[in-house]
Amino acid sequence: MAVGKFPIEYSHIMMFARSVGDANNIYYDQDYAASTEPGGVIAPPTFVQASAQFDPDYFLRPKIGQEWFGSAKGPTGITPKPKSDAEKSGEKKESGSGGGLHAEQHYVYHRHPKVGDVLTATTKSGKTWEKQGRRGGNLVFSESITEYRDQNGELVVTATGVGVRTERPATSA
């Protein structure tokens with residue numbers, strides 16, 4: 001994900017903190033926050049993930065007139081393709097297309113994101129590695145590294161996400 005501008009505003013911080021149930025006054029009370037070490041309202045941990053809402057092409061964002069992740073009856077949210085004649089007859093076909101999931105997320109804060117910052121995000125690939133799985137074949141892990149910089153170009157947060165994809169759909173145990 002790379003957004004052109006991600007403004008950090010007081011109301012965004014307040015709504016995010018409420019949505020995750022965090023009652024720390026540093027996210028709500030400007031007078032209290034002014035008396036703390038950061039000197040003002042700061043963004044809660046994981047707040048930079050909300051930058052996705054500023055990306056009109058974010059893949060989880062619903063698009064009018066199109067199916068989107070979470071919009072169908074299937075577990076992936078994407079309507080399954082009709083079965084081929086071979087699949088209907090019970091013939092096994094290895095497609096090499098298993099499932100994927102978000103496995104972990106790490107954040108390194110170089111400083112607190114604060115009200116008034118305008119962040120930009122740059123994403124690059126990180127490491128990739130493989131491990132043999134038990135039910136879905138080979139597991140391929142890959143990192144995605146997103147750097148959030150402020151309006152002065154200073155690095156504020158580095159977010160590293162790890163995804164894992166299976167070689168094939170997992171079989172029952």
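Me: Which residues does H102 contact, leaving aside its neighbours within four places in sequence?

Reply: H102 is in contact with G161, V162 and G163 once those neighbours are set aside. Contact here means heavy atoms within 4.5 Å. The structure is a predicted model, in which local features need pLDDT of at least 70 and side-chain atom pairs count only at pLDDT 80 or more, while totals for chains, interfaces and linings use all residues. Residues are numbered from 1 along each chain as its sequence is written, and side-chain values use heavy atoms, with hydrogens and water left out.

Me: Why does H102 count as exposed?

Reply: The relative accessibility of H102 is 53%. Exposed means over 50% relative accessible area, buried means under 20%, and partly exposed lies in between (1.4 Å probe, protein chains only). The value for H102 is over the 50% limit, so the residue counts as exposed.

Me: What makes the link between the side chains of H102 and Q105 a polar contact?

Reply: The distance for this pair is 3.1 Å. A polar contact is a pair of N or O atoms within 3.5 Å; within protein, one must be able to donate a hydrogen and the other to accept it, and residues adjacent in sequence count only if both atoms are side-chain atoms. The H102 and Q105 side chains are within that limit and are therefore joined by a polar contact. A polar atom of the H102 side chain also lies 3.1 Å from the backbone oxygen of E104.

Me: What makes β1 and β3 a pair?

Reply: Two antiparallel bridges are found between β1 and β3 (residues 118–132), which meets the pairing criterion. In this region P7 stands opposite V118 of β3. β3 also pairs with β4 in the antiparallel sense, over eleven bridges, with T122 opposite E147 in β4.

Me: Why do β1 and β2 stand at the edges?

Reply: The open sheet has five strands in the order β1-β3-β4-β5-β2, with antiparallel pairing. β1 (6–7) and β2 each have a single partner strand, so one side of each is left without a neighbour in the sheet.

Me: Why is Y148 called buried?

Reply: Y148, placed in strand β4, has a relative accessible area of 1%. That value is under the limit for burial, so Y148 is buried. A polar atom of the Y148 side chain lies 3.4 Å from the backbone oxygen of V48.

Me: What is the reason that E143 has no salt bridge?

Reply: A salt bridge is a side-chain nitrogen of Lys or Arg within 4 Å of a carboxyl oxygen of Asp or Glu. Lys and Arg count as positive and Asp and Glu as negative, while His and the chain ends are not counted. E143 is buried, and the nearest side chain of opposite charge, K127, is 4.4 Å away. That distance is not within the limit, so E143 has no salt bridge. E143 lies in strand β4 (residues 138–149).

Me: What makes R111 and D117 a salt bridge?

Reply: The N to O distance between their side chains is 2.9 Å, so the pair meets the salt-bridge criterion. D117 is buried at 2% relative accessible area, whereas R111 is partly exposed at 26%. D117 also meets K114 in a salt bridge, at 3.9 Å from N to O. K114 is partly exposed, with a relative accessible area of 37%. Salt bridges with shared partners join R111, K114, D117 and D150 into one network.

Me: How many salt bridges are found in the whole structure?

Reply: The search finds five. Another of them joins E147 and R149, with the closest N and O atoms 3.4 Å apart.

How values were computed: Helix = DSSP H or I, 4+ residues; strand = E, 2+ residues; numbered from the N terminus.
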